[in-house]
Amino acid sequence: MLAATILSLALAQATQAPIWALQPERVILPDGSSAKGVTVLVQNGQILDVGTDLQLANNVRKMALPGVLAPGFVDAFSAYGTDHPAQEDSRSLTPSLRAADAIDLRDGDAWKNLRDAGVTSVHVLPSPGNVQAGWGAMATTGGDQKRILNGKTRQVLSLAAEAVNDRDFGPSSQAGAVELLEQSKPLEIKDIQQKGAVIHVASAEAVRAARGMLGKQVESRWLLWGDPGQYGGELRGEIVGMQMPADSSWNPRQMETLKRLHKAGVQITFGTWANRSARKPADLRWAAILMSRMTGDPAAAMASITSAAAKFVGNNKVGAIAKGRRADLVLWSAHPLDSTASIRAVMIGGQTVSRGPAQEN
């Protein structure tokens with residue numbers, strides 16, 4: 001009996017996944033700052049611990065990494081990975097629709113483009129053409145593990161007139177959208193009070209109307225349309241998704257709005273979906289670089305595509321290098337907000353899924 005027990009323990013140790021001690025030149029910490037001498041312990045696709053004075057067991061495998069280790073970017077609102085928009089055009093209220101059902105997990109150019117830009121997870125949303133649009137979904141951009149991290153993130157509600165304008169089925173105006181949403185009793189949507197909502201808005205009136213209907217019973221995130229400079233004052237202290245310009249060039253008004261929202265305590269996030277079209281995955285990083293320069297707050301800028309984006313989604317397992325998080329990591333040649341930085345390797349769920357040019361490794 002003793003021999004059998006010893007043998008089973010030995011076999012368990014032999015088959016146990018190894019622990020890796022990643023030791024990069026610098027690590028981006030959860031607060032957005034970077035630090036030297038930090039070790040990141042990884043096992044089974046999870047971060048076991050992070051610190052400067054970790055006591056490493058003899059069986060831990062050490063790996064020195066030349067560069068800056070950052071959390072994988074989080075695309076806070078996206079349509080990537082879907083062949084067709086997640087939307088039902090025959091009616092305006094589709095609270096049970098799931099964006100997860102529209103995601104194509106076959107590894108194609110869309111997923112590769114995201115990984116090549118340092119994006120390791122995306123929040124896929126249903127189209128906002130419906131006042132009650134359905135549930136978002138969180139997916140990884142690669143790896144062998146389960147790709148859909150959460151098939152039901154937040155309920156998407158739409159009060160942006162430009163998005164819901166449908167003269168065949170209605171509504172065709174913001175006032176009509178507000179009336180329809182009130183009549184539908186959004187608080188009665190199954191699971192909305194537990195999971196929260198993403199609300200498309202384009203005016204102060206829409207923000208106030210949504211708050212009046214949902215109150216404090218629903219954790220709300222806001223996806224901004226139109227000119228947020230006209231109604232940003234309503235969103236102090238909130239977490240918002242700010243759409244990027246179509247051509248990735250920000251005009252002075254948009255840059256000033258970005259600066260004022262940040263000054264007002266708004267947590268800004270960015271996503272590749274905007275106004276019924278897609279932005280390039282690389283635009284996420286460039287938006288964060290611009291935000292860093294405009295606000296003088298690189299930590300908040302880094303959070304806009306990592307930890308704040310994870311809060312927008314409602315996922316506490318991605319977006320930061322911290323104990324208990326997923327090992328979704330990107331090794332950069334320099335700080336990610338340095339415009340000259342390039343990607344050396346991308347890890348998703350503890351698995352290296354892509355590497356930069358040979359000379360970078």
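Let's start with one pair. Arg-208 and Glu-234 join their side chains in a salt bridge, 2.6 Å from N to O. Arg-208 sits in helix α6, residues 204-214, while Glu-234 is in the loop between β13 (220-224) and β14 (239-242), so the bridge ties together parts 26 residues apart in sequence. Across the whole structure, the search finds 14 salt bridges.

Keep in mind that this is a predicted model. Mean pLDDT for the chain is 89. Of its residues, 92% reach 70 or more.

Over residues 1-14, pLDDT stays under 50. For that stretch the model has zero contacts beyond four places in sequence. Where pLDDT is low, the predicted coordinates should not be read in detail.

Next, a helix pair. Helix α7 covers residues 252-263, and helix α8 covers residues 282-295. They pack at an angle of about 70°, and their axes are 10 Å apart. That angle makes α7 roughly perpendicular to α8. Their crossing is right-handed.

Which residues meet there? From α7, we have Met-255, Leu-258, Lys-259 and His-262. From α8, they meet Leu-290, Met-291, Met-294 and Thr-295. By class, this contact has five nonpolar residues, two polar and one charged.

To recap the two pictures. Arg-208 and Glu-234 form a salt bridge. Helices α7 and α8 cross right-handed.

Definitions and conventions. Residues numbered from 1 in each chain as written. Predicted model: local features only at pLDDT ≥ 70, side-chain atom pairs only at ≥ 80, totals over all residues. Heavy atoms only, no water. Axes fitted to C-alpha atoms, helices over the stretch in contact; angles between N-to-C directions. Helix = DSSP H or I, 4+ residues; strand = E, 2+ residues; numbered from the N terminus. Parallel < 35°, antiparallel > 145°, perpendicular 65-115°, else oblique. Left-handed = near helix turned anticlockwise from the far one by under 90°. Contact = heavy atoms within 4.5 Å. Nonpolar A, V, L, I, M, F, W, Y, C, P; charged D, E, K, R; others polar. pLDDT = per-residue confidence, 0-100. Salt bridge = Lys/Arg side-chain N within 4 Å of Asp/Glu carboxyl O.
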